[in-house]
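Please keep the sequence and the model in view while reading.

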Amino acid sequence: MTDTPPLIIAVDGGGTGCRAAVGTLAVGALAEAQGGPANVSTNFEQSVANIMQAVLEALGNADLGEVDLSHSVAHLGLAGADLESIQKKTAAMFPFGQTNVSGDRQTNVAGVLGDQDGYVVALGTGTIIARQQAGGVRTVGGWGFQLSDQAGGAWLGRALLTYTLNAEEGLEESSDLTRTVAGDLGGVQGIFDWSNRARPADYAGFAPQLFAAGKAGDGVAVKLLSDGSAYVTRGLDTLGFEEGDILSLAGGVGPHYAPYLPDRYLTNQTDPKGNALEGAFSLARAAASKMG
């Protein structure tokens with residue numbers, strides 16, 4: 001590399017979409033862009049393409065379309081990238097000078113808390129429950145839609161469809177919400193057909209409808225959101241949460257759980273300092289500053 005400070009690239013990738021930011025050490029972030037889903041464990045090739053497209057669009061938005069990407073430092077915080085093997089595989093796909101890949105847990109915590117001790121419940125398509133203490137981060141759950149991610153958007157959507165299917169067959173009590181969902185999808189056969197082609201992001205698309213129904217008092221919605229809240233509190237307790245500790249609810253889904261959490265978890269609820277993209281940018285910036 002030359003003596004010129006490197007370009008900084010940051011990516012926050014999740015099951016529903018990704019965001020990219022580009023900037024410099026001196027100025028910070030210059031421009032952002034959005035792209036398609038970027039969970040590298042569920043669809044590797046498409047995720048890589050979506051990430052690169054978002055980065056290139058961000059560069060264009062910053063009038064940096066002709067920049068030398070080999071003179072850059074990137075941090076990609078991606079859903080599905082918690083294992084070292086997938087991190088190395090992902091990093092090798094990009095033309096950046098230095099590419100650091102982590103799971104989205106690290107970037108969420110870095111963005112939400114900065115260097116402050118506290119707890120994060122970051123819920124989007126998936127789930128992150130984390131504690132940061134003295135610079136160290138410990139998490140529970142968040143191992144993907146197939147095995148984990150309780151309380152997240154995809155889990156809520158699948159739980160809703162499962163309940164709706166059972167209600168259609170008389171195994172559960174129906175509600176306005178389940179009747180609406182069943183009608184929209186075409187009954188039992190329609191739900192079955194839809195599920196055979198659905199991805200986690202598709203299931204997460206039901207979350208806004210479910211939260212609205214919960215606010216209106218729909219019994220099924222309240223039950224499912226209470227189940228999700230129980231998982232969140234169990235995760236926080238496992239990490240050592242005590243009343244009065246800082247808790248930040250983040251992501252597109254996280255803040256909607258506040259009405260369903262017991263009061264003792266909310267006595268020191270704080271707004272996120274930033275988001276996962278800002279966390280990824282801060283990690284990339286820190287790596288670039290160490291290059292001398």
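## Aromatic pairs

The structure holds seven aromatic pairs. Rings of Phe, Tyr and Trp (its six-membered ring) pair if their centres lie within 6.5 Å; planes under 30 degrees apart count as stacked, over 60 as edge-to-face and the rest as tilted. This is a predicted model, in which local features need pLDDT of at least 70 and side-chain atom pairs count only at pLDDT 80 or more, while totals for chains, interfaces and linings use all residues. Residues are numbered from 1 along each chain as its sequence is written, and side-chain values use heavy atoms, with hydrogens and water left out.

Tyr 119 and Phe 241 form an edge-to-face pair, at 5.1 Å centre to centre with 70 degrees between the planes. The pair links distant parts of the chain, 122 residues apart: Tyr 119 is in strand S6 (residues 118–123), and Phe 241 is in the loop between helix H9 (219–238) and strand S9 (247–250). Helices (H or I, at least four residues) and strands (E, at least two) are DSSP runs, numbered from the N terminus. Both Tyr 119 and Phe 241 are buried; buried means under 20% relative accessible area, exposed over 50%, and partly exposed in between (1.4 Å probe, protein chains only).

## A second pair and a cluster

Phe 211 and Tyr 257 are also edge-to-face, with 5.8 Å between centres and 90 degrees between the planes. Phe 211 lies in helix H8 (residues 207–215) and Tyr 257 in the loop between S9 and H10, 46 residues apart. Phe 211 counts as buried because its relative accessibility is 9%, and Tyr 257 counts as buried because its value is 1%.

Ring pairs also join Phe 145, Trp 194, Tyr 203 and Phe 206 into a cluster.

## Charges over rings

Arg 158 lies over the face of Phe 145, at 4.3 Å from the ring centre. Arg 264 lies over the face of Tyr 265, at 4.4 Å from the ring centre. A charge sits over a ring if NZ of Lys or CZ of Arg is within 6 Å of the ring centre and within 35 degrees of the ring normal.

## Asn 108

Asn 108 lies in helix H3 and counts as buried because its relative accessibility is 11%. Not counting residues up to four places away in sequence, Asn 108 touches Ala 122, Ile 128 and Ala 276; contact means heavy atoms within 4.5 Å. Asn 108 and Arg 158 are 50 residues apart in sequence and 24 Å apart in space, C-alpha to C-alpha.
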